[in-house]
Amino acid sequence: MNFSFPYFKNVNFPERYISPEKLFSYLQDDYSDYIKEVGKSSLGKPIYMMTLGKGNIKVAAWSQMHGNESTATLAMLDLLAIFEKHPELKEKLFELIQLDFIFMLNPDGSEAWTRRNAFDIDINRDFLRTSSVEMKLLKSLILNNNYSYLLNLHDQRTIFTTDGKHPATLSFLAPSENADRDITENRKRSMAVIAAIYMQMKQILPDRIAKYTDEFYPTSSGDNFMKAGIPAILFEGGYFENDLERGKTREFYTQALYFALKAMSVLKGDTLSYETYFDIPQNKESHFDLIYRNVRLNTEFECILDIAIQYREILDENNNLTYQPYVVEVGDLNHKKGWQEIDCTDKKFISQKRFPKLESLVDFVIE
């Protein structure tokens, strides 16, 4: 039977963009007994870790390794607010586990709303070389503290679906330890946690939970921590219909984070029901944000095609996120779908240019 989760949003952080300074001030003001500075970013910003509980199951989690993926940070902030109103949830859970949550592993990228760190390094592809101070810090913390589980928390693009129709609002992965993608005991432990999340959430989020690709990435954090013998679980927060701001995704992500911790406290490393992991559909790359269908261009010859648009998240001078439409593909796109589609048959393509240019901001109108 599914547990009814008492979700509500942390009112101090209503939007996707989180200023590092605002986050740090909030943690220091409200949770000073639970946080400590564990290192500094490339530009010298503090990186904080919160420790909750003293149970035998030790869990490490980190958010915003990619600075423009804030849903996990918001989910943890929501969980903290929920625990304040429902202390019984917190007390029962943290008798069994200890959670070390690293907020904003990449505060420089988080401030600028960029994937990479201040030196343009993708921290999640820096495990072997450790060119970034952020990866050096993460590896040191994880490999020296005997963790039972890891939560590698991310967001994914709007292009993914579960079935070519429904968006992959949440995707999970038990990362591979090798190129052959062997189903090792470590992977089974991760799969068991994901299976438990799926069983709890498939009714409240039907057809919108997927598996992320288990292709082996030799330089990434999750794959290498698995190789080191620590069960890791990848979270990917995706799109929900008509929700570019990801407010609904945030809600479901918060629930999934709680259910993951709950499953770890119960499983204690067991692989019970891990086979259910294989019932979860695979991510499919099937959608664009918007497709203009059957557009007749202003060319000397007849040219009718489709134009695909993706919204890019741009931070303005007031630290507000805007969603700017960019042309990402043109041609025959009948093999793809759009979350929004506009049939331009018998409509006019109005632009100073004869045709839309790839990777450019939309500068045309359809009338």
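These notebook entries record what I looked up about salt bridges in this predicted model.

**Entry 1: total.** I began with the overall count, and the structure holds 18 salt bridges. I then examined individual pairs.

**Entry 2: K45 and D108.** I found a salt bridge between the side chains of K45 and D108, with an N to O distance of 3.7 Å. This pair links distant parts of the chain, its two residues being 63 residues apart. K45 sits in the loop between β1 (35-40) and β2 (46-52), while D108 belongs to helix α4 (residues 107-112). I next looked up accessibility. K45 has a relative accessible area of 13% and is therefore buried; D108, at 6%, is buried as well. I also noted that K45, D108 and E111 form a network of salt bridges.

**Entry 3: E302 and R296.** The side chains of E302 and R296 meet in a salt bridge at 3.0 Å, N to O. Is E302 buried or exposed? I recorded a relative accessibility of 62% for E302, so this residue counts as exposed. R296 has 42% and counts as partly exposed.

**Entry 4: E359 and R312.** I recorded an N to O distance of 2.2 Å for the salt bridge between the side chains of E359 and R312. E359 lies in the loop between β15 (349-350) and β16 (365-366), and R312 in strand β12 (residues 304-315), so the pair ties together parts that are 47 residues apart in sequence. I looked up accessibility here too: E359 is partly exposed at 46% relative accessibility, and R312 is partly exposed at 32%.

Definitions and conventions
Residues are numbered from 1 along each chain as its sequence is written. This is a predicted model: local features need pLDDT of at least 70, side-chain atom pairs count only at pLDDT 80 or more; totals for chains, interfaces and linings use all residues. Side-chain values use heavy atoms; hydrogens and water are left out. A salt bridge is a side-chain nitrogen of Lys or Arg within 4 Å of a carboxyl oxygen of Asp or Glu. Helices (H or I, at least four residues) and strands (E, at least two) are DSSP runs, numbered from the N terminus. Buried means under 20% relative accessible area, exposed over 50%, partly exposed in between (1.4 Å probe, protein chains only).
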